[in-house]
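Dear colleague,

Please find below the structure that I am handing over to you, followed by an account of what was found in it.

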Amino acid sequence: MQPIEESARAEELYGPFLAGDVDLYERFRDLAERVREIAPHCVGMSISLREHGITITLMAANVGVAALDAVQYVDGGPCIDALRTGGTIEAATRAELDEQWPLFSAAARRYGVRSTLSLPVPQEDEPVAGFNLYGSVDGAFAGLEQELADVLGAFAQGAMVDADPALAGIALARRAPEILKEYTDLAIVATLLARSRGLETRDAEERLRNAADRAAIPLATLLELMREILPDP
């Protein structure tokens, strides 16, 4: 699994992002390869920081991991629920995704994701981060939950705790490239989202902008996806 362009560009232009003498970006790349060794059908992973709203995303092939994260920021999903509840959430089949998070499931279908595993990272009994794993087959993480939790938890304790300055630097760097302002598409998608979810159009627009920003993807990328998966009026 290789970093998406936005992650690599942020590291190249503004990095390294250090917690002590640990480079978070390099450590995360190594971690992604270790996860793939444990779960060969894992096609993408990301980590979300609850306080900072940061997502550092790695992916394989054309799996739009950052876009899937963004859809969760718009309308909920397994990682958001894991951060909210502090519990591990596994969706082993497409049917489970359809039942619990229909909009997220529609986006996952586009990218060939059939199962997910979301693992919160606690600090002082509160979830401060969450790992999101995306699988290309049903049950991609079945029976591997504890081994993955051990590996990911060790990374979190070694590289993330008390890493606020580095994390803040990543957040700033990833927001530095100007988000594409597709006003017409934004108006259309915000209207569709507002009707679908009973929101004010202005609130829907803000939710979309924030979701793209938090996932570090161009707003246009999220808008294109949302137009495909939102129901017609």
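In what follows, buried means under 20% relative accessible area, exposed means over 50%, and partly exposed lies in between (1.4 Å probe, protein chains only). Helices (H or I, at least four residues) and strands (E, at least two) are DSSP runs, numbered from the N terminus. Please note that this is a predicted model, in which local features need pLDDT of at least 70 and side-chain atom pairs count only at pLDDT 80 or more, while totals for chains, interfaces and linings use all residues. Residues are numbered from 1 along each chain as its sequence is written, and side-chain values use heavy atoms, with hydrogens and water left out.

I begin with helix α11. Within this helix (residues 219–229), the buried residues include L219, L222, L223, L225, M226 and I229. They lie on the same side of α11, because they cover an arc of only 165° around the axis; the arc is that of the directions from the helix axis to the C-beta atoms.

Two of these residues return in the nonpolar core. Such a core is a set of buried Ala, Val, Leu, Ile, Met, Phe, Trp, Tyr and Cys residues joined through side-chain atoms within 4.5 Å. The largest one has 39 residues, and L68, V71, L208, I217, L222 and M226 have the most contacts inside it. Two or more residues come from each of α3 (65–75), β6 (89–91), α6, α9 (183–197), α10 (201–215) and α11. Helix α3 gives the most, with eight residues. Apart from this core lies another, of 21 residues, among them A32, L117, A140 and L148.

With contact meaning heavy atoms within 4.5 Å, L222 touches A70, V71, V74, L208, A211, A212 and I217, residues up to four places away in sequence not being counted.

Turning to charged pairs, a salt bridge is a side-chain nitrogen of Lys or Arg within 4 Å of a carboxyl oxygen of Asp or Glu. By this rule there are nine salt bridges. One of them joins D75 and R197 (2.6 Å, N to O). It links distant parts of the chain, since D75 is in helix α3 and R197 in helix α9, 122 residues apart. D75 is partly exposed at 24% relative accessibility, as is R197 at 32%.

R110 and E228 also meet in a salt bridge (3.3 Å, N to O). R110 lies in helix α6 and E228 in helix α11, so this pair ties together parts that are 118 residues apart in sequence.

Yours sincerely
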